[in-house]
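This report describes a protein model in terms of its fold, its packing and a set of selected residues. The structure is shown first.

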Amino acid sequence: MYDAAGKLDKGHLVENYAPLVKRIAFHLMAKLPASVDVDDLVQNGMIGLLDAIGRYEEGLGAQFETYAVQRIRGAMLDGLRENDWLPRSLRRDMRRIEAAIHALEQQHGRPPSETELAESLGVPLLEYQQMLQDARGHQLVYFEDFTDGEGEDYFERHLGQPEANPLAILEDADMRVNLVRAIEDLPEREKLIMSLYYDEELNLREIGAVLGVTESRVCQLHSQAVARLRARVLGVGGPATGGARRGRPPKKAAQA
């Protein structure tokens, strides 16, 4: 990693860690719509890698690879934030799917099948699956989930309260317990996909090879799994906080 002068060899580091940039990019693609170009992620990631090399020379104590991963991923996310990479129309479609999942689970007491969800939404099965495909990048939690419906930001209301800071709210014990239970209740194939993606860090193509299905099919099942988790953990309207109720917290309760 160092040249004859005892300094970090930037050229060697770039060459050595370029595969890491690509792996992070392909892993991140599972959370992004098909309109995002993986080459753009790689380009931003390389910028992050160069930034990591430059900053690491300042004497940071962390292992270089650990630090580089953070900078690479951060650079990719910064690039994405410059564009609205998940259109509001797709989010609306996923909200509809979440509401259908919630209603059917209440009705039948079990996770609904794809066919049942398509019928509930009034669309053909192939169209429903295309909605899932288009919505790759649907996340478990969005910042906009934490609003009171009146334009006031949920995080801003809690930022000055050390006893209830935003990070603590997101890490609420009840929410973690509910998430674990929701994952356990996923259909077996969707549960396996979540495990392979988040625990084993396989990308969609690798997961498809394990399951014997196409990459696009894995993408559909991943989006559907996330929708199931949101419907169970966050409710139809927003996040569950404190375990008392689902949906957005009432303004008075949040300020109490």
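## His 222 and the basis of the model

His 222 is found in helix α12, which covers residues 215-234. Helices are DSSP runs of H or I with at least four residues, strands are runs of E with at least two, and both are numbered from the N terminus. His 222 counts as buried because its relative accessibility is 3%; buried means under 20% relative accessible area, exposed over 50%, and partly exposed in between, with a 1.4 Å probe and protein chains only. The side chain of His 222 is joined to that of Tyr 198 by a polar contact of 3.1 Å. A polar contact is a pair of N or O atoms within 3.5 Å; within protein, one must be able to donate a hydrogen and the other to accept it, and residues adjacent in sequence count only if both atoms are side-chain atoms.

The model is predicted: local features need pLDDT of at least 70, side-chain atom pairs count only at pLDDT 80 or more, and totals for chains, interfaces and linings use all residues. Residues are numbered from 1 along each chain as its sequence is written, and side-chain values use heavy atoms, with hydrogens and water left out.

## Overall fold

The protein has 13 helices and 0 strands. Of its 256 residues, 42% count as buried. Among contacts (heavy atoms within 4.5 Å) with a separation of 6 or more, 65% are between residues 24 or more positions apart.

## Nonpolar cores

A nonpolar core is a set of buried Ala, Val, Leu, Ile, Met, Phe, Trp, Tyr and Cys residues joined through side-chain atoms within 4.5 Å. The largest such core has 23 residues, of which Leu 32, Leu 41, Leu 49, Phe 64, Ile 72 and Met 76 touch the most other members. At least two residues of this core come from each of α1 (10-28), α2 (38-56) and α3 (64-81).

With neighbours within four places in sequence left aside, Ile 72 is in contact with Leu 20, Val 21, Ile 24, Gly 45, Gly 48 and Leu 49. A second, separate core has 15 residues, including Leu 117, Ala 118, Leu 121 and Ala 227.

Beyond four places in sequence, Gln 224 is in contact with Ile 101, Glu 114, Leu 117, Tyr 128, Leu 132 and Glu 190. Gln 224 and Glu 190 are 34 residues apart in sequence, with a C-alpha to C-alpha distance of 8.1 Å, and their side chains make a polar contact of 2.7 Å.

Glu 190 lies in helix α10 (residues 188-199) and is buried, with a relative accessible area of 4%. The side chain of Glu 190 also makes a polar contact of 2.9 Å with the side chain of Arg 228. Not counting residues up to four places away in sequence, Glu 190 touches Leu 221, Gln 224, Ala 225 and Arg 228.

## The cavity

A cavity is a set of points, on a 1 Å grid over the protein atoms alone, where a 1.4 Å probe fits but cannot get out; lining residues have an atom within 4 Å of a point. Grid points are joined across faces, edges and corners, and a volume is the space filled by probe spheres set on the points. The whole structure holds 1 cavity of 30 Å³ or more, and the volume of the largest cavity is about 50 Å³.

The residues that line the largest cavity are Glu 105, Pro 111, Ala 182, Asp 185, Leu 186, Arg 228, Leu 229 and Arg 232. Helix α12 gives the largest share of this lining, 3 residues. By type, the lining has 4 nonpolar, no polar and 4 charged residues, where Ala, Val, Leu, Ile, Met, Phe, Trp, Tyr, Cys and Pro count as nonpolar, Asp, Glu, Lys and Arg as charged, and the others, Gly among them, as polar.

## Two loop residues

Pro 111 is found in the loop between α4 (88-108) and α5 (114-121) and is partly exposed, with a relative accessible area of 28%. The C-alpha atoms of Pro 111 and Pro 187 are separated by 7.3 Å, although the residues are 76 apart along the chain.

Glu 201 is found in the loop between α10 and α11 (204-211). Glu 201 is not a glycine but has a positive phi of about 60°. Most residues other than glycine have a negative phi.

How values were computed:
On a 1 Å grid over the protein atoms alone, a cavity is a set of points where a 1.4 Å probe fits but cannot get out, and a pocket is an open set with protein on both sides within 12 Å along at least five of seven lines; lining residues have an atom within 4 Å of a point.
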